[in-house]
Amino acid sequence: MKLLVCVSKTPDTTTKVSFTDGDTAFDTQGVQYIMNPYDEWYALVRALELKESAGGTVTIINVGTADNDAIIRKGLAIGADDAIRVDAAGGSAYFVAKQIAEQAKAGSYDMVFFGKETIDYNGSQIGAMVSEMLDMPFISYATKMDMAGNTATIARDIEGGQEIVEVDTPFVLSAAKGLAEQRIPNMRGIMQAKRKPLNVVPAVAVDEKASIVSYALPPAKSDCRYVDAENMDELVALLHGEAKVI
Amino acid sequence: MANYISMDNLRFVVHEMLHAEKLCSFPRYQDYDKESFDILMDSTKDYADKVMYPSFKEMDEDPARYDDGKIYVHPVVGEVMKYAGENGSIGALFDYDLGGMQLPHLIHSALAHIAQCANNSLPGYTGLTAGAAGLIASFGEKALIDKYVPNMLSGKWGGTMCLTEPQAGSSLSDITTSASPSGDGSYQIKGQKIFISGGDHEYCDNFVHLVLARIDGAPAGTRGISLFVVPKHRIAGDGLESNDVITAGDFQKMGQKGYCTTHLVFGENDNCQGWLVGTEHRGLKYMFQMMNGARIDVGLTAASIATAAYHASLQYAQERPQGRRILSGGVKNVDAEQTTIIKHPDVRRMLLLQRAITEGSVSLLMQASLYHDLSQAGPEEDRERYHDLLELLTPIAKTYPSEMGQISISNGLQILGGYGFCTDFPLEQYYRDIRITALYEGTTGIQSLDLLGRKVVMKNGEAMKHLTKEIIDTIQAAENYDELKPYAAQLKNASKELQDTIMHLLKFAMSGEHERFIADATIFMDFMSTVVHAWQWLKMATVAKTALVTDNKTFDAAFYENKIHTMRFYFKYELPKISSCKTTLLNDETLTIPEEHQSVLA
């Protein structure tokens, strides 16, 4: 099986978010980056499990500049066989989807894995776009996946319950919590990662369909209110009258 | 999960201050680069979050215990030994041809810091195993290495160092454990060892003890001590058989309760075999290779416990509302909401003290680890200089975090008020856990004697000259910035006062008054440690200032500004304490030498 896993670079979860260029761009100064956890913990690890049980290769792909090589290296350290980086400074979800689709087509992969969303922009768009561009089925928010031959049985969370889907390869999947368990790269894997192939390819031209007008932070949280543990009436009144949650 | 470490601070020290990636230009470390160092640190943090920190409190509540001849420890010990063996981290510092990873000491120390911050009862199990295997690899014959080292690096067998005996602790010249030649190349070992960390538990198939003992007829004192490999189970054919090493108990301690501390009896039935490591009578010299590394490790443990405690008290101070700020005119608005205690100046003073002690300690420990790398793998012509610097700084890197870390945590506990004394919060555990670090691997008194009596005067003061040069380089770099000039001048003056005090004390050594020379070695340790950490703080502040003015920032501007602020705090609140030390050391009254005041403590 040939498996392709798409990985994104996202700001560390402790990052203090601010904007620049008239609130049209994220201010990257002093920001520490990580691999998007949904890509790393669930999509990549499930792909590696499939490779370990049925053979094949796992390739990771990222769209970005050389600054992204650190998170690509981590993916290789966890166990991917090789990597592709489409050399571009980034762009809209459509731009990124186009780049990934081009490489996926060229590589004839049996499955293309995404995390269900990135933890920065939370767009959840690229997987669906890529499946459309590749004319493949798309199963989103997968929480469990079993393979029998070329057929996958996939559980996905839906409102109030679960849906079970059967699909033949090739297909595109987005991974949610539960699909696999986080793997921590070991020291030997980290050393080997440096020697695994990282192929840098140029981006294809894309006509952007949308542009960012502005970003804004959510309203600041109000101060905590402390209620005496003995005063349940006041707590209930506040939750009902002010917070309006009961 | 509670925060227990600042990864940003660690990255700052490792990369921006010490430029770890430059080590990769040396052949020994050429397979590494900055990215691999970063992945290693991040992965260690992930593992610490997932496995180590969750068992931190549990190991205290369910301590190691002795029952019916066996030691029982928390199951996470087995998990960590297995992981560390498979991961390659027990053999991280070893040569490739021994199955190691040739990782730089600097990065190894950074990883150890992360692990120790998460759970200080755990890393000793793997660390001592690595240290014991290192001794065999360095001084043992090939057959001994082949027999023991692979199983130790894989985590299947544990390793220990056995020095202390019931009657011989700091004074190793008084050990009595004996080694009698058996005639087949092995020795019959007989004696008892106490305070053996990680000495026995159910999660390793075997334990390889590195035992100091006297061969029959050996000279008295430390010159007659040899080093032996004494396994709990000796190799017999394809299996193992008992080697007459009995676990007699587990010491119940005030802290680090999850880290077993055993009492071992060797040769109770005259059937305990040991194998000589290296040459006879050179055991203590060999052991000191491990001891020096272990002393840096203990300093790291202390700095890490204090770091975790700082983050716990910082979080509490940010969340705990109590009292109101004093307004102009000295009044308080009693109708206003309470302020969080981090707004009170005295609480801020305590937090800044914690930060100054912990980040200063981490900085020096990483600096010492870098010197270790440079002394082993750096340019040939510089290796001796870096070795001397490491030798000189080792007692300080062990003692300052151990002693000042206690003060740091005590201040953290104070911030929590009565809750600091309660088990609902981790401060009381940190306060108990750190206490051992000023005791094991050489007490503060022993470290201070080593610093003043050996290291300061070694090679006619050559190491001190190297350190002074390093301090001067830092002062000159700081003088490039107007904002830092006053602090550079303050450090220059402190360094001169240190030199003057050394010259004053040396007069006693040169006139044969050796006991007087070293009588106040602990005060001298306090003095020199404070100056050395001022050097580290000025160095950090200079790097931070450079990042701020050159627009080359890995972190946001506030990070660098806060570094400089903490340096200013150290220079205002801590560095002036050297005046008190100097006054005491220059005072000619002798009040602690027994013959002169026999009755005062009668």
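Entry 1, the model. I worked from a predicted model, in which local features need pLDDT of at least 70 and side-chain atom pairs count only at pLDDT 80 or more, while totals for chains, interfaces and linings use all residues. Residues are numbered from 1 along each chain as its sequence is written, chains are lettered from A and ligands numbered from 1 in the order in which they are written, and side-chain values use heavy atoms, with hydrogens and water left out.

Entry 2, the interface. I looked up the contacts (heavy atoms within 4.5 Å) and found 19 residues of chain A against 33 of chain B. The two chains bury about 2,400 Å² between them, 56% of it on carbon and sulfur atoms, where buried area is the accessible area (1.4 Å probe) that two parts lose on being put together, summed over both. On the side of chain A, the most area is lost to chain B by A:Ile184, A:Met187 and A:Met191, together 29% of what that side buries.

A:Arg73 and B:Asp33 meet in a salt bridge at 2.5 Å, N to O.

I placed B:Thr474 in helix H13 of chain B, residues 458–478 (helices are DSSP runs of H or I, at least four residues, numbered from the N terminus).

Key. Helix = DSSP H or I, 4+ residues; strand = E, 2+ residues; numbered from the N terminus. Salt bridge = Lys/Arg side-chain N within 4 Å of Asp/Glu carboxyl O.
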